[in-house]
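Please consult the sequence and structure displayed below while reading.

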Amino acid sequence: MSTDARPETAPLGVVMLCHTALHRAAQVARFWLAANCPVVIHVDRAVGADQMEAFRKDLGTHPLLRFSTRFRCEWGTWPIVAATQAAAEQMLAEFEQVEHVLLTSGACIPLRPAAEMTDWLAQRHDVDFIESVSIGHAPWIKGGLSEERFTLHFPLSWKRQKYAFDMLVDLQRRFGIRREVPRPLQPHMGSQWWCLSRKTLQGILTHPKRARYDRYFKRTWIPDESYFQTMVRIVSDRIESRSLTLVKFDRNGRPNLFYDDHLQLLRRSDCFVARKIWPDAHRLYDFFLSDHTTREAPIDPQPAKIDRYFELAAKQRTEGRAGLYMQSRFPLENSVNSKTAAPYSVFCGFQQLFENFDFWLGSVTNCRVHGHLFAPEKAEFHGGATVYHGAISNSAALRDYNPRMFLANLIWATRGERQCFSYNSRDNMNSELNWFMATDRNAQISVISGCFILPLFRGEYKVDDVLGHIGWLQRREQEFISILQSKWTSADIRVWTLAEFLQSPQEFLSQTIRAAFPDARFSEADMPQSRPLDGFEEYLAQLRNLGLPPVLLQDYKR
Amino acid sequence: MRALRKSLELKSRVNRTAAIRSGDILAFTTLRNELVRLPYFLDYYRAQGVGHFLMVDNASDDGTTEYLEGQKDVSLWVTGASYKASCFGVDWLNHLQWRYGAGHWTLVVDVDEFLVYPFCDTRPLHALTDWLESQGRKSFSAMLLDMYPKGPVTAHPYASGQNPFEIARWFDACNYSLKRNPKLQNLWVQGGVRARAFHGDSPEQAPALNKTPLVHWSRKYAYVSSTHMLLPRGLNKVYDDGGGEQASGVLMHAKFLDTIVAKAREELHRGQHYAGSREYIAYDKGLQDQGDLWCSFSTEYINWRQLEILGLMSKGDWA
């Protein structure tokens, strides 16, 4: 056998549509040529003569390399299809051994050794790999128009004539202008990147009615994702409706770029080719264009992992992380369901009614329970801490500068541990904060109204104008309760008057705690004791004689 | 106009802007007496892919000017005029950006600010700007994150060329206040260690931390107040208000090193900073009194992924 015999031409031909990063396209072309795969390159006519010259020079001459007739390809328009047709015709005409033609772009990268792909295709020599989805079943279309892509006229460029384009679509809709899809075509769509058998490609390119069909597709919208996808249905009987090229689209319908750090992810793909590669992703080009892929142990394909990766990114962009307020996520009031990151409990009056309520709650729930987080003097963090998770200060001034953010920060910084705190009308209540909590589905708010009077009754602090002070506390509590009883709330809310609550304190308390902590373990015997209320009725009577309005605690009787 | 008038105060020292190629990312900086910080600063941004540095030296006398003259990728202007009267350097830089920045991605940073963006350990800054462009975005926000050491700031002197975050390794993770500025659409972010340690009684005076340092510049643009606000105001809309997250970064702020003590003194003396230098008055006092900015809930810096998980910055949908 002669040593300089021309190697056999591989049965896989590669068509490359290129318009930028030509040095990368040249590298990839050499990869295919080295494996004896014929390559036909289409270079966009927008590429300048000097760049084109440099590109040709870079590639040199090769018996298996051809350049096809150049078209000016604008996104979403017919010339992309025309360029593909011309290159494919050239491929079939000039390389007889080619059994499959792979359509790629200059920003694609092969993920496996060429030989692996040709062997794989040889075993499936009459199968066409093309994503071809009936338009009635393509909910994944991004960018608005779906069926109308086929039934309206699109003579304008969406990129350059956006306004006129939209106007024309509107006009056609309004006047009910519809194009007939030529029979027997059934509109199908799918990824632009396919791998078709010689027989099928020949069938499409030499179809007796091709001129008629081409005329129709020239005025459809994004024909590069529908021409071959539709035509293949009338000439092929062995379609595997999937693309051998991995492309992940973002929410605007643009392909996500792959970077160096995606190397391991790409190795897990079950596809043969990936796009789009960022031109400066040196590591990816070095790895996949070298013989690394042959030398390194194969990895089990896990395409679901790749899907998941990009789905998570899309979700972060559209939904974001609940309860996070930061420089690039600042939801408008009521534009989101969750205002905070995790459930929390607000207790009003419990601390005043029960002996060591916070201590007891902490012991039965294993939580670090705070005191009055919004106390006028300072934020009473658990254990009297001066600073808490996230480096949140207990300074009342810092807290009151932005109380909602104080709370949202605390909940975000302690995700995983339910926050519980006391809140009543002596605290720095503020109607913004009240609304924030009342409309937050993470909040559990439990109120025993009227308890603010108990510290006064017990003489825990003194004020000069008792009635005035009580009136002030009462007004604030009423405001809070009326917000809680409005129809806009989404928190889990319980409100009792002191008298109502005292009818069955243990039961109500136990109900409340179990709603927040289904696993809390405590028995009747463990319940905290109500602090003594002896003489409270007399105290109330005294206040009423001084002129306290009877509304307050009017149902209270022992 | 204002920038143009103020530009008369600038004297070109070395102009190597002819070396700027189209597509280069340009950094703009005003500084004064920062010799010790410069080697690390320049190398940090060179490694990220900044193509050229355009710097205004406000009357340094520590060798900063001479050092910068010797750097091949630096163009230098000098001025002896008032930093305060130039709106804290904004006028000077606005002019340089107008003159040289149009069509480029421009990064406005101080010598103690270090940009961290999603995937900055594996993707150069060009990858980010390419992607932003593909998304039709003109601006990218990076909140200022004040870093500090554990113990007194003077305990570990900073050596030239050293990574400052080997010393100032700690930060406040979740004590930031955000408010919307209805006029210019930007968010007003305050908090962090400076609010916690120096503004416990005067939160409204705590410094603003919202910044938009990376902008695809056009001659129609201008910074209004430092890099906190831009015109036209659409450039300030770097956040999503429907619940989603835009991609964003962090400017790690290496202010609290031993160098700050001397700086605070000097700045107090010069009175050239914002609002009567009250910030520096507070540092001078605060750092002397307590010395330690660290608290038991301070967070130690690991990498950008940590900042992302903490929610200080976001990948958005840049996957």
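## A strand of chain A and its partners

In chain A, strand S13 and strand S17 (residues 443-449) pair in the parallel sense over five bridges. Strands are DSSP runs of E with at least two residues, helices are runs of H or I with at least four residues, and both are numbered from the N terminus; two strands pair if DSSP finds at least two bridges between them. Within this pairing, Phe347(A) stands opposite Ser446(A) of S17(A). S13(A) also pairs in the parallel sense with strand S16 (residues 419-422) of chain A, here over four bridges, and Tyr344(A) faces Gln419(A) of S16(A).

S13(A) covers residues 344-348, and five of the five are buried, so the strand is largely enclosed by the rest of the structure. A residue is buried if 20 or more other C-beta atoms lie within 10 Å of its own, exposed if 12 or fewer, and partly exposed in between, with C-beta atoms placed from the backbone. In a regular strand, side chains alternate between the two faces of the sheet. Both faces of S13(A) are covered: Tyr344(A), Val346(A) and Cys348(A) are buried on one side, and Ser345(A) and Phe347(A) on the other.

## Basis of the model

The model is predicted; local features need pLDDT of at least 70, side-chain atom pairs count only at pLDDT 80 or more, and totals for chains, interfaces and linings use all residues. Residues are numbered from 1 along each chain as its sequence is written, while chains are lettered from A and ligands numbered from 1 in the order in which they are written.

## Contact between the chains

The contact takes 47 residues from chain A and 50 residues from chain B; two residues are in contact if their C-beta atoms, placed from the backbone, lie within 7 Å. On the chain B side, the elements giving two or more residues are helix H5 (125-134), strand S10 (176-180), strand S11 (187-191) and helix H6 (192-198). H5(B) provides the largest share of that side, five residues.

## Domains of chain B

The domain assignment of chain B gives domain 1 (1-111) and domain 2 (115-319); such bounds come from an automatic or database domain assignment. The C-alpha centres of the two domains of chain B lie 20 Å apart. Their contact takes 23 residues from domain 1 of chain B and 28 residues from domain 2 of chain B. On the side of domain 1 that touches domain 2, helix H2 (38-48), helix H4 (90-101) and strand S5 (105-108) of chain B each supply at least two residues. H4(B) gives the most to that side, with five residues.

## Backbone exceptions

Most residues other than glycine have a negative phi, and most peptide bonds are trans. A cis peptide bond joins Arg275(A) and Lys276(A), with omega about 5°; Lys276(A) is in the loop between strand S12 (273-274) and helix H11 (282-289) of chain A. Leu231(B) and Pro232(B) are also joined by a cis peptide bond, with omega about -5°.

Ile222(A), a residue other than glycine, has a positive phi near 55° and lies in the loop between helix H8 (210-218) and helix H9 (227-235) of chain A. With 22 other C-beta atoms within 10 Å, Ile222(A) is buried. Asn366(A) likewise has a positive phi, near 60°, but counts as exposed, with 12 C-beta neighbours inside 10 Å.
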